[in-house]
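I am opening my notebook to record what I looked up in this structure, one entry at a time. I begin with how some strands pair, and then I turn to a few single residues.

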Amino acid sequence: MEQKDTVLVVPCSGIGKVHGLISRESAYEITDNVAKGQADTLCLALLVKGDEEALAKVRNSRCVTIDGCAKYCAKKNIEIAGGEVAESFMVNDALKNHRGEQPGTATKLTETGWTVVREIACSLANGIEGGEK
Amino acid sequence: MTKKFAILPCNGLDKQNGPISREVALALLEEIGGKVICPVLLNNASPRYEKLLGELPLLVIDGCGTKCASKLAAGLSLKVDRKVLITDEMKTSALRPEDTLSPGPAGMEFAKAVATLIAEDMPEEAMRNSESLFSAPVDYNTFTHDKYIFRVPREGFFFNENDCWVRVSGTRARVGVSDYVQQNMTDMTYFSPPPVGKTVEQFDEVGTIESVKSSMDLISPVSGTVIAVNTSLVESPEIVNEDPYEKGWVAELELTDFDSDMELLLDCKSYLELIRKKAAEEH
């Protein structure tokens, strides 16, 4: 496989449910904290509108996608753009470990929601740090 | 009635203004209602939003000059009723959001202020929908099994043995799944609606729901033609968990032969008896 230097963390654009917010905040948690300087992020809508710079960035990076639901918009659109999805994560998988707890709403996370964010970020950061560079 | 919008914000993530467009959309949703459209899902699967866009005027909110949301709407030839550009709003506002990607308190205050400006500028307009046909309040009988309390509407609903209900108003009916189903399946994660225009016979499949535990084809209790689907469930399938008999309806049908269909349906009392048996066998 071709070696790629950069890692791109791409959350879905989910809006209106807590899943989308968790996806987004997890991406920020990775790029701003747990893997700061090792990963960048990208606006998915810019990519689906065919922005050349965004397309090039995707094709030259190892992509980590975080999807809020089973529609897998982030993963699918990275693949459609010709990108390599090194790892795909679904928020529901992390929420299963917190059944019965309230992660928050579309606009605000509870402490459980932030815990889920940190768990997702740490889980994916391990792959970023240990992945093929 | 305040005019509601279908709100299409950009997906801004890596510039300051984009996340604010999202917060404006959500603040507007809290303030006056309406529906928010996920821009990437709209791009990938625009038919999911067809009904919504036929019912509500479209408000587009762009974060920056790239105007992804506007380009998306233009690419799909959508009629845009109102546009907002956060960059322009910043020029005229005294509020100054933080220069961070995730909006802080000042960013949130700015977003709410922009949402209020939009809301106050909306004229009144009657909405096109059939909610009034199915708006009568619902009273429930309940059945307790272990830690579960199952609700069944006392009147106006009929059920098949596949745990799907029908609520009739004149020649129209709404169908959905029972409280028993949603509690057994737990958290809904996906809804696949039937196509509008599809003709179904009694016991034909009329959509699919999936939860973290299982999936289920909805078996229509009635025969008819699908004239509307509950597009809210596409974005928020958990509505089925929250309100299976009212907001969680699945499809609306124009009935063809309800009198015959009735012969194979159960009323509240009979359905309660059925789920008593099912619960005893399954739990």
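Entry one, a pair of strands. I am working with a predicted model, and in its chain B I looked up strand S1, residues 6–9, which pairs with S2(B) in the parallel sense over two bridges.

I then asked myself in what order the strands of the open sheet in chain B lie. I read the order as S2-S1-S3-S4, four strands with parallel pairing. The edge strands are S2 (35–36) and S4 (82–85) of chain B, and each of these pairs on one side only. I also found that helix H4 of chain B, residues 68–75, packs on this sheet and touches S1, S3 (58–62) and S4 of chain B. The direction of H4(B) makes about 140° with that of S3(B).

Which value of phi does Asp146(B) have, I wondered? Asp146(B) has a positive phi of about 50°, although it is not a glycine, and I located this residue in the loop between strand S5 (140–145) and strand S6 (148–153) of chain B. Asp146(B) counts as exposed because its relative accessibility is 62%, and exposed means over 50%. Phe203(B) has a positive phi of about 80° and is not a glycine either; I found Phe203(B) in the loop between S11 and strand S12 (205–211) of chain B. With a relative accessibility of 35%, Phe203(B) counts as partly exposed.

Finally I looked up Gly50(A), which is found in the loop between helix H2 (44–48) and helix H3 (52–59) of chain A. Gly50(A) is partly exposed, with a relative accessible area of 32%. I also noted that the C-alpha atoms of Gly50(A) and Ala81(A) are separated by 8.4 Å, while the two residues are 31 residues apart along the chain.

Note on methods. Residues numbered from 1 in each chain as written. Chains lettered and ligands numbered in written order. Predicted model: local features only at pLDDT ≥ 70, side-chain atom pairs only at ≥ 80, totals over all residues. Heavy atoms only, no water. Pairing = 2+ DSSP bridges. Contact = heavy atoms within 4.5 Å. Axes fitted to C-alpha atoms, helices over the stretch in contact; angles between N-to-C directions. Buried < 20%, exposed > 50% of the residue type's maximum accessible area, 1.4 Å probe, protein only.
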